[in-house]
Amino acid sequence: MDDTWDLTMDRSDPSVTRLVGSAPLEPAHGQAVLRTERVGLTANNVTYAVLGDVMRYWEFFPAPEGQGHVPLWGFAEVSASRVDGLAEGDRVYGYLPTASHLLVTPGTVRSGSFRDTAEHRAPLAAVYNSYVPAQTGLDDLQVLFRPLFMTSFMLADWLADAGPAAEQVVLSSASSKTAYGTAFALKDTGARVVGLTSEGNVEFTRGLGVYDEVLAYESVPDLTEASTAYVDVAGSAPLRRAVHQRLGTQVVRDVVVGIAQGQPGGDPGPIEGARPTMFFAPDQIAKRSQDWGPGGVEQKFGEAWGEFATWVTPQIDVAPGEGPGALESAWKAVFAGVGPRVGHVLTFPPA
């Protein structure tokens, strides 16, 4: 396939894909073209797709009617620029489409960082519109975990910040990267952290060493009775009902973070305890940006990220792939569900 390509997903069934060649992009004055170099693909991207309409993820990168680009985190090279302060050959890290190139309209460029001010992105979450200079080293970890751990880091902070406090935090899909990143970030908060996962992933999840207890989904009746914050990463209404049936009004918080099982959980029906609410990391980032002042979020996250990156390296098996066809195949595999150790990293060398 030519150096320019476009991979879209059917918005009604994201497992259905369409990979085609695309026309080269030409920047106007004040615009630049980014060429996708390296991206990560995890269950987090499945969340972007399945919640694409509800959370407006499909709107970041326009596509033909009924189609959509699943947002990816990764590195890109500036292949053409008509923007002061942004030169061809510069490398950036940020939100990218499932496509070879992205046309951006940078605002003021400061030390290589900028925000895409394209009109269609203006009403969307600002954190997803920012691009920063690519840091060298740990490229695979950055595309796989950095955005996920930002969610985990802010979720752990939100659990401590938003109240009411809970004696234990119970996370579903505990073998997922977002869940165990949250457990890692909760390790010094004093809360007892319990992971729920499938029977086949119990051994792996216990081996991570970040949960005080790991139970198979079938063992929900064995949950310790205590005031509980339930963190739903799996997106399963039956599992939510089971947790509430076990703990009742002791579920003091119930937060939906993802849908690792590939489908929204739906309405759990009548339940005792807290009703489910949606966690959206950019909202907590915006709050803490005010609370902690300029650079505060970046500083605190950077410290946590350094510690997490060291810990997580031996926990992950990178599955490499090259080219748009490999990206399409990896997407189908991730959407269908892959083992907890697997992280897909796709690279796109210039033609």
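Predicted model: local features only at pLDDT ≥ 70, side-chain atom pairs only at ≥ 80, totals over all residues.
Six strands make up an open sheet, and reading across it gives the order E12-E11-E10-E13-E14-E15. The pairing is parallel. Which strands sit at the edges? They are strand E12 (213-216) and strand E15 (277-278), and each of them pairs on one side only. At the E15 end, two bridges join strand E14 (residues 251-256) to E15, and these two strands run parallel. Val256 stands opposite Met278 in E15.

| Strand | Residues |
|---|---|
| E14 | 251-256 |

Now for a helix pair. How do H2 and H7 cross? The axes of helix H2 (residues 139-162) and helix H7 (residues 296-312) come within 10 Å, with a crossing angle of roughly 125°. That angle makes H2 oblique to H7. The crossing of H2 and H7 is right-handed.

You can follow the contact residue by residue. From H2 come Leu141, Gln142, Phe145, Arg146, Phe149, Met150 and Phe153. They meet Val297, Lys300, Phe301, Ala304, Trp305, Phe308, Ala309 and Val312 in H7. Sorted by class, the contact of H2 with H7 holds 12 nonpolar, one polar and two charged residues.

Notes
Residues numbered from 1 in each chain as written. Heavy atoms only, no water. Axes fitted to C-alpha atoms, helices over the stretch in contact; angles between N-to-C directions. Helix = DSSP H or I, 4+ residues; strand = E, 2+ residues; numbered from the N terminus. Parallel < 35°, antiparallel > 145°, perpendicular 65-115°, else oblique. Left-handed = near helix turned anticlockwise from the far one by under 90°. Contact = heavy atoms within 4.5 Å. Nonpolar A, V, L, I, M, F, W, Y, C, P; charged D, E, K, R; others polar. Pairing = 2+ DSSP bridges.
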